[in-house]
Amino acid sequence: MKTILLLASLVVFSVAQFCISPPLWQAKIFEADPSKQFGRRADIFYDQQNQRLALLDDVYYEGRENYTFDLLFFGQSKFYSVNLVTKVCTIGALREPFPVIGLPPGSNATGEFYIGVSGLPDNYVLIDRYEDFDGRYVGMWTRLGCAPVATFINSTRYGNVFYEFFDFQLGIFDPNVFSIPQECL
């Protein structure tokens with residue numbers, strides 16, 4: 001359920017002309033929706049070409065914490081979710097399209113700034129800020145490489161959701177992360 005919320009929330013993203021995000025990467029993500037008492041810290045593995053995601057989750061929802069590994073194959077419309085405490089696997093159908101993580105259509109560059117300490121060599125990153133003008137999206141992306149840094153999405157379907165991305169790395173260092181978990185075989 002919470003994984004589907006993340007995916008459905010991210011699905012509002014799509015590639016825009018200003019900044020095209022890398023198609024294959026891994027990062028850590030923090031997601032929050034205070035109105036639903038929902039928070040997530042996760043390692044995310046993103047493969048746009050093969051339309052698959054893997055998430056190693058620490059989810060806080062309605063006062064409970066849950067640890068899961070979620071593997072989502074959008075091309076097959078199938079997901080695997082393993083509760084890392086009980087080792088129980090859930091297999092189900094995906095009904096959402098693959099969430100292309102990029103700028104939504106109609107977003108405009110609204111500023112730039114540095115994160116880090118200027119004046120010290122190689123200790124800061126230039127960030128571009130984008131938003132749409134109806135207040136539904138604000139996003140910050142690195143100028144070089146177009147890596148996501150933070151986004152805020154307001155949708156009538158999912159409410160207000162905030163994401164932070166960090167420890168962003170190009171590529172997937174362990175391709176076995178997309179192997180079906182032993183508990184699901």
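**View 1. Strands S2 and S3 pair in the antiparallel sense over 10 bridges.** Strand S3 covers residues 52-61, and within the pairing Ile44 stands opposite Leu55 of S3. The two strands form a hairpin with 4 residues between them, and Gln51 in the turn has a positive phi of about 50 degrees. Strands, like helices, are DSSP runs numbered from the N terminus (E, at least two residues, for strands; H or I, at least four, for helices), and two strands are taken to pair if DSSP finds at least two bridges between them. The model is a predicted one, in which local features need pLDDT of at least 70 and side-chain atom pairs count only at pLDDT 80 or more, while totals for chains, interfaces and linings use all residues. Residues are numbered from 1 along each chain as its sequence is written, and side-chain values use heavy atoms, with hydrogens and water left out.

**View 2. Strand S2 (residues 38-47) also pairs with S1, and S2 is mostly covered.** Of the 10 residues in S2, 8 are buried, where buried means under 20% relative accessible area, exposed over 50%, and partly exposed in between (1.4 Å probe, protein chains only). S1 and S2 run antiparallel and are joined by 10 bridges, with Leu24 having Asp47 in S2 as its bridge partner. The hairpin of S1 and S2 has 4 residues between the strands, and Gln37 takes a positive phi near 50 degrees there.

**View 3. An open sheet of 11 strands shows antiparallel pairing.** The strand order is S6-S5-S4-S3-S2-S1-S11-S10-S9-S8-S7, and the edge strands, each pairing on one side only, are S6 (89-93) and S7 (108-116). Neighbouring strands of this sheet are turned by 20 degrees against each other on average, direction ignored; the axes are lines fitted to C-alpha atoms (for helices over the stretch in contact), and angles run from 0 to 180 degrees between N-to-C directions. Strand S9 (residues 137-142) is joined to S10 (residues 148-155) by 5 bridges in an antiparallel arrangement, and Val138 has Phe152 of S10 as its bridge partner.

**View 4. Cys19 and Cys146 form a disulfide.** Their sulfur atoms lie 1.5 Å apart, a disulfide being a pair of cysteine sulfur atoms within 2.5 Å. The link is right-handed, with 105 degrees about the S-S bond. This pair links distant parts of the chain, 127 residues apart, with Cys19 in the loop between helix H1 (2-10) and strand S1 (24-33) and Cys146 in the loop between S9 and S10. Both Cys19 and Cys146 are buried.

**View 5. A disulfide joins Cys89 to Cys184.** The S to S distance is 1.9 Å, and the link of Cys89 and Cys184 is right-handed, with 105 degrees about the S-S bond. This pair also links distant parts of the chain, since Cys89 is in strand S6 and Cys184 in the segment after strand S11 (159-170), 95 residues apart. Cys184 counts as buried because its relative accessibility is 11%. A search of the whole structure finds 2 disulfides, and with the bonded cysteines numbered in sequence order the pairing is 1-3, 2-4.

**View 6. Leu56, Tyr67, Leu84 and Val85 form a nonpolar patch on the surface.** Together these residues have about 340 Å² of accessible area, as given by the Shrake-Rupley method with a 1.4 Å probe, only the protein chains shown counting as cover for residues. Patches are made of residues with over 30% relative accessible area and no salt bridge, nonpolar side chains (Val, Leu, Ile, Met, Phe, Trp, Tyr) being joined within 5 Å and like charges within 9 Å; a salt bridge is a side-chain nitrogen of Lys or Arg within 4 Å of a carboxyl oxygen of Asp or Glu. Leu56 has its place in strand S3 and is partly exposed, because its relative accessible area is 36%.
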